Amino acid sequence: MSINIDREMSVREFALRENESAHAPYVPEFDFYYAVKSGDVAKVSALCSVDFAKKDGLGKLCEDSLQNLKYHFAITAAMLARYCIESGMEHETAYSLSDLYIQSCDRCTTPNEISGLHRNMSMDYTKRMAALRKDRLYSKQIVLCVNYIYSHLHKKITVAELAKHTGLSPSYLSRLFRKETGESITEYIIRRKINAAKNMLKYSGYSLSQISETLAFSCQSYFTKIFKDLEGVTPKRYRDMYSFTTEINMFAKENRK
């Protein structure tokens, strides 16, 4: 059966406006995935207190409400696997977990079961990422520093600010940070912001100026320059290379294996 995609999208967008409903906003979703990949157990636990089955803004992927929820669960599982791989989890571990949880979800018969499984899956990935980060054997001060950076990528972060947070002098913190991570604090912050930008380019419809502003770059041209210096391509080219549709199709293929 063929359908007119443009017409269907126009009708759907009109209905969403009339009903004052929309898909879940990207920033909270990004916050969730980032908390998982960062191993932030407390934050993920708090975010998962909201019933997955009752989450606002879940798109309609299927007429059957239970199957629709299963589709969204599968997408979440695939996204969690990709985010965690980007932060150091072994590919086999990440994808095996994704497969197992999707298979378990397929056997669920109620929304409550899916919600409970969603929480278990989210916490499982998060705890594994927390353990991975501890295995890197950073000192307590550098762990505090790294955690602070992860939680404040949307702001301008200074060495003085980090020094105050860790209770160390700026000069000593800078030397210790380079010794343990192999790069300067500024280099680390920029790299983390660019990694965040890569995810936003892949998985959101945010414009380049919105991404630049969200990640507290001084201006879009500076963001573009830094991105190209580190990735070898412009942000626009990167988005073209790794569109959301391409990524979801890849996830679907991998989870069908």
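## A residue with positive phi

A216 lies in the loop between α11 (208-214) and α12 (220-231), helices here being DSSP runs of H or I of at least four residues, numbered from the N terminus. Although A216 is not a glycine, its phi is positive, at about 60°. Most residues other than glycine have a negative phi.

## Basis of the model

This is a predicted model, in which local features need pLDDT of at least 70 and side-chain atom pairs count only at pLDDT 80 or more, while totals for chains, interfaces and linings use all residues. Residues are numbered from 1 along each chain as its sequence is written, and side-chain values use heavy atoms, with hydrogens and water left out.

## Helix α4 and its contact with α5

Helix α4 (residues 65-86) and helix α5 (residues 91-106) have axes that come within 9 Å and cross at roughly 170°; axes are lines fitted to C-alpha atoms over the stretch in contact, and angles run from 0 to 180 degrees between N-to-C directions. That makes α4 roughly antiparallel to α5, a term used for angles over 145 degrees. In the contact (heavy atoms within 4.5 Å), K70, F73, A74, A77, A78, A81, R82 and I85 of α4 meet H91, A94, Y95, S98, Y101, I102, C105 and D106 of α5. By class, these residues comprise eleven nonpolar, two polar and three charged, where Ala, Val, Leu, Ile, Met, Phe, Trp, Tyr, Cys and Pro count as nonpolar, Asp, Glu, Lys and Arg as charged, and the others, Gly among them, as polar.

At the start of α4, a side-chain oxygen of D64 comes to within 3.1 Å of the backbone nitrogen of L66. Just after α4, G88 adopts a positive phi of about 115°.

## Helices α8 and α9

Helix α8 (residues 159-166) and α9 pack with their axes 9 Å apart and at an angle of about 90°. The two helices are therefore roughly perpendicular to each other, the term covering angles of 65 to 115 degrees. V159, L162, A163 and T166 in α8 meet P170, L173 and S174 in α9, and this contact has five nonpolar, two polar and no charged residues.

The structure holds seven aromatic pairs, counted when the ring centres of Phe, Tyr or Trp (its six-membered ring) lie within 6.5 Å. One of them joins F177 and Y188 edge-to-face (planes over 60 degrees apart), at 5.2 Å centre to centre and with 80° between the planes. F177 belongs to helix α9 (residues 170-181) and Y188 to helix α10 (residues 185-203), eleven residues apart.

Key. Parallel < 35°, antiparallel > 145°, perpendicular 65-115°, else oblique. Polar contact = N/O pair within 3.5 Å; in protein donor to acceptor, adjacent residues only side chain to side chain. Phe/Tyr/Trp six-rings, centres within 6.5 Å; stacked < 30°, edge-to-face > 60°.
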